[in-house]
Amino acid sequence: MYQEVSSYYGLQSGIESFWTFRGNTDKATFKILPDGCVDLIFDLAQHRIFLSGIMTRYQNRNLNQNPHLLGIRMKAEWLPRLMLMPMGEFKNERVDHTGSDVFLTSSLAVAANESTSWIERFRLLEKLILN
C-alpha cells in the first residue's frame, strides 16, 4: 500500500511529500514516472538508503518480496542544500548511499524505528532536516 503526506513543520519550500510503500507481495516491477523531484529512499527491508535523481524518462523498478520503503520527495534544487551534492551527478540514476553520510545514517535509524508509526517517523525525519 502506498501512502503520502505533506510536510508538517513547514518545509514545503523544499519537500514535496513524505511517502511510504509496504507490500506483502512477491517480487514485482513498477513503472516510475518522472516528476521533476529527487527522492531519498529508505529501504527498511534491506537496511539501505538510495538517492533517486531527477528522471527525464520513466524507469522500471524491481522490488523484492515484501518491500518496506519510506521516502522523502524533494524539489530538485533543494537537495544540494541538504546533502551538499551536485544534482547533475544523479540525473536518471538511483545511487546507493548506505553508510556514506552521518545525516543519512541517523535518518535511517529514525526511519527504521518500528516502535513508532510511519507518520511519526516522518515528523522525526523533518526535525533532523531542520537541525
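Q: How do strands β4 and β5 pair, and over how many bridges?
A: Strand β4, which covers residues 37-43, pairs with β5 in the antiparallel sense, over five bridges. Pairing here takes at least two DSSP bridges between two strands. Strands are DSSP runs of E with at least two residues, helices are runs of H or I with at least four, and both are numbered from the N terminus.

Q: Before I go on, what kind of model is this?
A: This is a predicted model, where local features need pLDDT of at least 70 and side-chain atom pairs count only at pLDDT 80 or more, while totals for chains, interfaces and linings use all residues. Residues are numbered from 1 along each chain as its sequence is written, and side-chain values use heavy atoms, with hydrogens and water left out.

Q: Which residues of β5 face Phe-42 and Leu-40?
A: Phe-42 has Ile-49 as its bridge partner in β5. Leu-40 stands opposite Leu-51 of β5.

Q: And what does Leu-40 have in β7?
A: Its bridge partner in β7 is Ile-72. β4 and β7 also pair in the antiparallel sense, over seven bridges.

Q: How many residues of β4 are buried?
A: Seven of its seven residues, so β4 is mostly covered. Buried means under 20% relative accessible area, exposed means over 50%, and partly exposed lies in between (1.4 Å probe, protein chains only).

Q: Which residues sit on each face of β4?
A: Cys-37, Asp-39, Ile-41 and Asp-43 are on one side, with Val-38, Leu-40 and Phe-42 on the other. Both faces are covered, and all of these residues are buried. In general, side chains in a regular strand alternate between the two faces of the sheet.

Q: What does the whole sheet look like?
A: Six strands make an open sheet with antiparallel pairing, in the order β1-β2-β7-β4-β5-β8. The edge strands are β1 (2-5) and β8 (94-96); each has a single partner strand, so one side of each is left without a neighbour in the sheet.

Q: Switching to Arg-48: where is it, and is it buried or partly exposed?
A: Arg-48 lies in strand β5, which runs over residues 48-52. Arg-48 is partly exposed, at a relative accessible area of 30%.

Q: What about Ser-17: which strand is it in, and is it buried or exposed?
A: Ser-17 is found in β2. Ser-17 counts as buried because its relative accessibility is 3%.

Q: Which residues does Ser-17 touch?
A: Leaving out residues up to four places away in sequence, Ser-17 touches Glu-4, Val-5, Gly-71, Ile-72 and Arg-73. A contact means heavy atoms within 4.5 Å.

Q: Zooming out, what is the overall make-up of the protein?
A: There are three helices and eight strands. From the N terminus on, the elements run β-β-β-β-β-β-β-α-β-α-α.

Q: How much of the protein is buried?
A: Of its 131 residues, 44% count as buried.

Q: And what share of the contacts comes from residues 24 or more positions apart?
A: Such residues account for 71% of the protein's contacts with a separation of 6 or more.
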